[in-house]
Amino acid sequence: MPQVAIVLLNYNGKNYLEQNLGFVQQCSYPNKAIYIIDNGSTDDSLAFVKANYPAVHIICNKENLGYAAGYNAGLAHIMADYFVLLNTDVEVTPHFLQPVIELMEADAGIGICQPKILSGTNRNRFEYAGGAGGFIDALGFTFTRGRLFDYQEPDNGQYDQNEHIFWASGACLIIKAFVFTALQGFYGYFFMYSEEVDLCWRAQTLGFKVYACPKSVVYHRETTRLTDQPADRMYYIFRNNYVMLHRNLPWLSAITVLPARFALNKIAFFHLLFIGRFAHAGSIIKATFHYWKWALFTQKERTPKKALRKCQGVYKGSIVYQYYLLKKKKFSDLVPDVTKP
């Protein structure tokens, strides 16, 4: 069997490790090793791991590098055929790995995969950030099978088929190690949010497929919805979406998509002002300013580009229009216009 490294990124997460590390250790896949990459924690989470899980390997970063750069630094020290990037607040099921590895071994073209991700707080519903696989619309808004904006569908087996998707959730992302190396890992500038979407977009650009494998099931503590995010996190969401689109879209597409996103985000800004969420409105201004600063002065590399219309897992229209104006709440309402392999 291929060698699998299950890798959890930790930052002051003792409470999550207490809840979920035991489930990881009980994973039935035989050829596995478990790693903790610690991002400079100041709590006693590492002491807890050493005392209770001595077989778990620990890699220490000197400071909090965020999700993207934190994983990049830690994975450089791990040798395996597959990396399973797992949030510490995810509860895995005993047999979650076998279906994914079997699927990826059967198709050499699949570079990245994710399981079905259900809510840890409402276990019969799809989790907000992962669902049954990630998709994107023509304007760069992300959504999943099982979740459009704030509506999370109950899991009735409606998305239980393996599916070619656009992006896999960073809560539980399985990637072939050589693919991670070929992509040069995550883009560290992101710090948090959008890094896995960017990674999967670049994987498609290089010809790799991204898949969801719903026979594999995990439970994720409920991710905070966009409307409930603190202002500092909303900043990263808006800034990184601009950066991701800029990095991956050919310029002919970018000059259409980015102005449309500026306009829609301006509407969001005035809405937040109207409801009195001034710090959140300010985060949109800050995000836009820092995007332009990045575009003009920070970005150096020239990444390969691939238009969304040439990728898999893309909705050809606008989910903002479909959700808010036409009141479509389910992924299945959009399926006829989602690109297929």
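# Chat about the cores, helices and salt bridges

Me: Which residues have the most contacts inside the largest nonpolar core?
Reply: Val7, Tyr71, Leu75, Phe83, Leu85, Ile112 and Phe166 do, in a core of 70 residues. A nonpolar core here is a set of buried Ala, Val, Leu, Ile, Met, Phe, Trp, Tyr and Cys residues joined through side-chain atoms within 4.5 Å. Buried means under 20% relative accessible area, exposed is over 50%, and partly exposed is in between (1.4 Å probe, protein chains only).

Me: Which helix gives the most to this core?
Reply: H6, with five residues. Domain 1 (4-220) and domain 2 (231-310) both contribute residues too, so the core lies between them. The domain bounds come from an automatic or database domain assignment.

Me: Before I go on, what kind of model is this?
Reply: A predicted one: local features need pLDDT of at least 70, side-chain atom pairs count only at pLDDT 80 or more, and totals for chains, interfaces and linings use all residues. Residues are numbered from 1 along each chain as its sequence is written, and side-chain values use heavy atoms, with hydrogens and water left out.

Me: OK, back to Tyr71. What does it touch?
Reply: Not counting residues up to four places away in sequence, Tyr71 touches Val7, Leu8, Leu9, Ile37, Gly66, Leu85, Leu86 and Phe186. Contact means heavy atoms within 4.5 Å.

Me: Tyr71 is in H3, I think. Why is H3 called largely enclosed?
Reply: Seven of the 10 residues of H3 (residues 66-75) are buried, so the rest of the structure largely encloses this helix. Those buried residues are Gly66, Tyr67, Ala68, Gly70, Tyr71, Gly74 and Leu75. Helices (H or I, at least four residues) and strands (E, at least two) are DSSP runs, numbered from the N terminus.

Me: And what do they pack against?
Reply: Strands E1 (4-10), E2 (32-39), E3 (57-61) and E4 (82-87), plus helices H5 (177-182) and H6 (195-205).

Me: H6 again! How many of its residues are buried?
Reply: 10 of its 11, so to speak mostly covered. H3, strand E6 (110-119), strand E8 (142-144), strand E12 (172-176), E13 and H7 are included in what covers them. Just after H6, Gly207 has a positive phi of about 100°.

Me: How many salt bridges does the count come to?
Reply: 10 by this rule. Arg221 and Asp89 form one of them, at 3.5 Å between the closest N and O atoms. Arg221 is in the loop between strand E13 (209-220) and helix H7 (231-248) and Asp89 in the loop between E4 and strand E5 (90-92), so the pair ties together parts 132 residues apart in sequence. Arg221 is partly exposed at 38% relative accessibility, while Asp89 is buried at 11%.

Me: Which residues are linked in a salt-bridge network?
Reply: Lys14, Glu18 and Asp44.

Me: Switching to the domains: what separates their centres?
Reply: 25 Å between domain 1 and domain 2, taken over C-alpha atoms. The contact takes 20 residues from domain 1 and 24 residues from domain 2.

Me: What about Asn265, buried or exposed?
Reply: Buried, with a relative accessible area of 5%. Asn265 is in helix H8 (residues 251-274), and leaving aside neighbours within four places in sequence, Asn265 contacts Phe238, Tyr242 and Ile284.

Methods
A salt bridge is a side-chain nitrogen of Lys or Arg within 4 Å of a carboxyl oxygen of Asp or Glu.
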